[in-house]
Amino acid sequence: MRRYSTWCLLLFLLCCCLLLTSILSPRDSYQKIQVTESPRRDKSVHYFIPGRYDDIYMYSAIADDPKTLHAGSAVDVVVTALDKTRVSLTCCMLLDGDNGTVFVTPASVYFHNYITLRSFTHIASEYFHPSTYLARQYRCTSQSRPRYVTLTSSACPDSINDYLPVTYPKVSPRGLALCAKVARSPDLNVQKLAEWFEVQRHLGVDKIVVYNLGVDNAISAIFRYYKNLGLLEMLAYELPGEPRSRNLNEVFKRTRQFVQDESVPVLDCKLRMSGYDFVLSHDLDEMVIPRENIPLKRLLKESLATSPNAAGFYLYTSFFLLDWTATNPKQKLIVKAYRTSTVPRWEAIKFVFIPERTRTILTHEIFPRPKYDTAILSPDDVILHHYRKCPRDTWGTCTAATVVDDVMMRFRDLDSQVTQVLERTLKIKQF
């Protein structure tokens with residue numbers, strides 16, 4: 001009984017706090033401001049903007065739904081951040097054509113990634129004494145096009161270094177993009193990466209976005225090659241705040257902060273690629289392969305005709321485990337040498353989504369806008385190929401039902417194309 005009373009009291013206090021912050025939130029207003037260039041609060045952070053008064057690190061400010069932007073309409077800007085604040089925030093927006101006026105409006109929560117907590121006591125503790133930076137997005141709305149935006153619980157800062165430039169995504173009709181999450185050493189293999197990029201080109205992908213958390217010189221050379229071709233957009237990434245020593249390697253995988261850290265690039269990329277018709281979301285060791293020799297765009301358009309209300313399509317996964325002996329060791333390419341895979345599994349699922357029908361995404365989930373839903377593509381039509389070592393933390397002995405899949409042999413020019421990439425980037429004559 002006493003425990004029940006304690007929970008009720010905590011719930012009451014939490015509700016009071018939320019109500020009070022809502023009442024005290026500022027209304028829309030314009031303020032004159034003298035813009036300066038004073039230093040940031042946290043000089044150790046390079047790619048996020050630290051809050052001047054709050055424990056928040058803002059990564060990007062991107063206009064939502066570029067296909068609806070036109071003169072005279074309201075502009076919704078979504079700020080993606082790692083956020084340890086638990087109070088209402090205000091949007092400060094420097095408007096286009098006016099360096100001396102800041103538009104002030106309440107920020108609304110657009111989306112935030114939850115953390116798994118065991119009880120209400122943990123929830124209350126995390127609210128009043130937060131220990132985790134949440135991957136969170138806020139919406140800021142203005143009737144004029146803003147050029148810079150920041151979030152604050154206090155006065156709007158006067159330093160331009162406290163503001164994010166607003167990105168307005170380009171509309172790419174009939175375009176197919178790929179959000180490939182975070183790249184970091186020592187996870188990447190040069191040849192495997194070159195194969196991955198060349199397969200994406202074969203599939204008809206128009207733009208790939210990768211977030212660079214730190215890679216070696218050889219991997220950087222591969223990235224520069226595809227950036228110069230116009231295929232790749234590279235964005236620098238980091239892990240600000242505490243603990244400073246954390247990373248996205250396996251040792252941190254089971255921590256609460258890990259999921260939040262890896263979610264920010266996913267949330268950001270959805271907005272950044274919102275001008276494309278279709279966007280794939282998967283890692284640098286995965287490929288979406290149609291079973292028949294047809295363009296991927298054609299398959300997606302046909303799938304949409306079958307499921308006209310779909311905001312996206314989930315995919316079955318076949319694992320080509322590199323711990324297993326190569327099926328055809330004489331083949332130089334990994335995707336051709338390793339043909340033994342698991343049967344298609346409903347595990348570690350990834351997807352392709354339609355941005356204008358999708359509110360946001362996470363690594364394994366699509367959040368459709370109202371009136372839309374999701375569908376599952378048959379493994380008879382398309383499969384996500386995943387080339388990796390055995391996930392022993394979840395599979396244990398790594399035994400599974402297998403098949404031999406020869407579908408990658410249809411990419412006949414892949415060998416010569418990968419050779420050319422390695423010669424041009426790393427001066428490797430043979431691999």
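User: Which residues of α3 and α4 meet?
Analyst: On the α3 side Val190, Leu193, Ala194, Phe197, Glu198 and Arg201 meet Ala218, Ile219, Ile222, Phe223 and Tyr226 of α4, where contact means heavy atoms within 4.5 Å and helices are DSSP runs (H or I, at least four residues; strands are E, at least two) numbered from the N terminus. This is a predicted model, in which local features need pLDDT of at least 70 and side-chain atom pairs count only at pLDDT 80 or more, while totals for chains, interfaces and linings use all residues. Residues are numbered from 1 along each chain as its sequence is written, and side-chain values use heavy atoms, with hydrogens and water left out.

User: How does α4 pack with α9?
Analyst: Helix α4 (residues 217–228) packs with helix α9 (residues 414–426) at about 110°, with the axes 9 Å apart, which makes α4 roughly perpendicular to α9. Ala218, Ala221, Ile222, Tyr225 and Tyr226 of α4 make this contact with Gln420, Val421, Leu422, Arg424, Thr425 and Leu426 of α9.

User: Switching topic, what is the volume of the largest cavity?
Analyst: The largest cavity has a volume of about 50 Å³; on a 1 Å grid over the protein atoms alone, a cavity is a set of points where a 1.4 Å probe fits but cannot get out, a pocket is an open set with protein on both sides within 12 Å along at least five of seven lines, and lining residues have an atom within 4 Å of a point. Grid points are joined across faces, edges and corners, and a volume is the space filled by probe spheres set on the points.

User: Which element gives the most to the lining of the largest cavity?
Analyst: That is α3, with three residues, and the lining as a whole has six nonpolar, no polar and four charged residues.

User: What about the largest pocket?
Analyst: The largest pocket has a volume of about 1500 Å³, and of the 43 residues lining this pocket, Arg184, Glu250, Lys253, Asp283 and Arg388 are the closest to its centre.

Note on methods:
Axes fitted to C-alpha atoms, helices over the stretch in contact; angles between N-to-C directions. Parallel < 35°, antiparallel > 145°, perpendicular 65-115°, else oblique. Nonpolar A, V, L, I, M, F, W, Y, C, P; charged D, E, K, R; others polar.
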